[in-house]
Amino acid sequence: MSLIIHKAGILDTIQHFGVKGLQSKGIRPGGVMDLFSASIANALVGNKLNEDLLEIHFPACEIIFTKSCLISIVGAHFSAKLNEKYLPLNRPILIPTNGKLQFVAPKSGRIVYLAIQGGLLGQGRLIKNSEIAFKKKPKLNTSSLHIFPWSADVHWQKYSPEIHVIQGREWERLNEESQRQFCCKPFKLSHHADRMGYRLQHQPFHTRTKEEIISSAVNFGTIQLLPNGQTIVLMADHQTTGGYPRIAHVISADLPKLAQKSPGDEVIFHLTDQETAEKEWVAQQKHIRQIQNISQLKLNEFFQKNSNQL
Amino acid sequence: MNAENLKSYEIYALGDSAITIEFGKYINPETNDLVISRFNQFQENPIKGVLDLIPSYHSLTLCYDLNVVAKQKSGLHSLIDQVKSRLEEPIELHTHSTQLHEVPVVYGGKNGSDLLRVSQEKGIDLQEIIRLHAEPTYRVYMLGFIPGFAYLGELHAKLTMPRKSTPQPMIPGSIGIAGLQTGIYPSFSPGGWNIIGHTDYPLLENGMPILQAGDRVKFIPLNQL
């Protein structure tokens, strides 16, 4: 009852949904980069929305399932293949015992999530030949692949460059020209982009003052202005505090979209306000919960009908 | 600290899922006492929807669950109102913890490789740098950056150095200086502070920091240069 990492990827991990309550000790929350895709992946297999799952980058790991199980693949399109057959995104999929899963070509996005019904045990990097146990014994046993006939609507995931931000505490430090550039000019994501932060490429921004600020808290989505006029958006593995000016913050609802950007992709920042940020977030969460409810119903129905064959 | 100062604070949004209460504009022990006192208050009696607290030199940040806050009648305003009324409650001011850490330091050498450069740039001889660095009893103003990294202040103004322009790899126990601060790297990490010494003092226990905000630290030089 496990999966085996047949070949390791470059940056694949078992991810949780963030450790809360320890930032006063300098311990960062971490957790999934794209909360939307990860939640949908869990919803599709009937898990609680914040069950631990695999976070996979490209080049990705190869996985062998030692026991049949129900999975879903949501997020980046890496051309997933099971024993030479292409698998779709955003659907529940029954994997047969000894199925071998590969991701063969990146088509769009940066990070893909693989959820397994019942969840996984363990944490950290997915190392070659390591074995990851299922939390719960799968109820089913099948020797053939089954792709379910329904899929989740993930329109929130569309890869447009528009990212909404709220002004930061030190926004006013940018001079007028830099403020104008920040708000409408498209920027490219630099190659310095990892789970800690995504750097952007642009003409250096200029400030009205060089006065140092006193270190204080930062957040997932905080956009810091570096001493050389460049910017970095802090991502899931951000540090808890920082001493660079915080010019803006990406709204929570747009962090999944940003997380899926790869080096070279464009982003365009638009200023918005707290009220809009709250509305967007509530709408996104509602959508996820609807998918969770429908999935649960459909899965129950399916397993009742097919309990004899599986 | 007088009553007027205690009451003055400013609240600002740190994105859509955190707010920061700023209690002052400068680094000083009184403001930091207030931060730690309010941190204890919010820790002991949590506000619904608040998931995490981040105390710093002069501010306290509350990270909240946007689901909970967005559902309240006036969203974030409801949370801010609750926070404001909490801040009206009188609290006993936390004064520095009685916990004193005596931290032995080997200055200079392989694990304090910036000491010579600091000495040259500041025009202060090595012995004097050690004396100035080891003389004060420092306060742990906050933990941050990486698990257990303690920001200590205040460093003697004569030792003020800018951060390095490119972060370098640090080993656990590296003692650095930057601006009016000194600090100890608890684990392997990149860092931009100027490393003047090294300690074997335990900094983490099962991944949890030993030094706490409000504690005091005294460096004990182990070597003569």
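Author: A definition is needed at the outset: two strands pair if DSSP finds at least two bridges between them. The model discussed here is predicted.

Reader: In which sense do strand β15 and β22 of chain A run, and how many bridges join them?

Author: Strand β15 of chain A covers residues 186–193. One of its residues, P186(A), stands opposite I268(A) in β22(A). The strands β15(A) and β22(A) run antiparallel, and the number of bridges that join them is three.

Reader: Which residue of β22(A) is the bridge partner of V165(A), and in what sense do β14(A) and β22(A) pair?

Author: β14(A) and strand β22 of chain A, residues 266–271, pair in the parallel sense over four bridges. The bridge partner of V165(A) in β22(A) is L271(A).

Reader: Which residue of β21(A) is the bridge partner of Q167(A)?

Author: Strand β14 of chain A spans residues 162–167 and strand β21 of chain A spans residues 246–250. These two strands pair in the antiparallel sense over three bridges. In β21(A), the partner of Q167(A) is A248(A).

Reader: Is helix α1(A) mostly covered or uncovered, and what covers its buried residues?

Author: α1(A) is mostly covered, since 10 of its 10 residues are buried; I40(A) and N42(A) are among them. Leaving aside neighbours within four places in sequence, I40(A) is in contact with V74(A), A152(A), V154(A), I288(A) and I291(A). The cover over the buried residues of α1(A) includes β3, β5, β8, β10, α3 and α4 of chain A.

Reader: Which residue with a positive phi follows α1(A)?

Author: The phi of this residue is near 80°. The residue that follows α1(A) is G46(A).

Reader: How far apart do the C-alpha centres of domain 1 and domain 2 of chain A lie?

Author: Chain A is divided into domain 1, residues 2–157, and domain 2, residues 162–272. In contact are 17 residues of domain 1 of chain A and 13 residues of domain 2 of chain A. On the side of domain 1 that touches domain 2, α1, β5 and β10 of chain A each supply at least two residues. The C-alpha centres of the two domains lie apart by 30 Å.

Reader: Which element gives the most to the side of chain B that touches chain A?

Author: Here 37 residues of chain B are in contact with 30 residues of chain A. By class, this side of chain B has 24 nonpolar, 11 polar and two charged residues. Elements that each supply at least two residues include β1, β2 and α3 of chain B. The element that gives the most, with five residues, is β3(B).

Technical notes: Residues are numbered from 1 along each chain as its sequence is written. Chains are lettered from A and ligands numbered from 1 in the order in which they are written. This is a predicted model: local features need pLDDT of at least 70, side-chain atom pairs count only at pLDDT 80 or more; totals for chains, interfaces and linings use all residues. Two residues are in contact if their C-beta atoms, placed from the backbone, lie within 7 Å. Domain bounds come from an automatic or database domain assignment. Ala, Val, Leu, Ile, Met, Phe, Trp, Tyr, Cys and Pro count as nonpolar, Asp, Glu, Lys and Arg as charged, and the others, Gly among them, as polar. A residue is buried if 20 or more other C-beta atoms lie within 10 Å of its own, exposed if 12 or fewer, and partly exposed in between; C-beta atoms are placed from the backbone.
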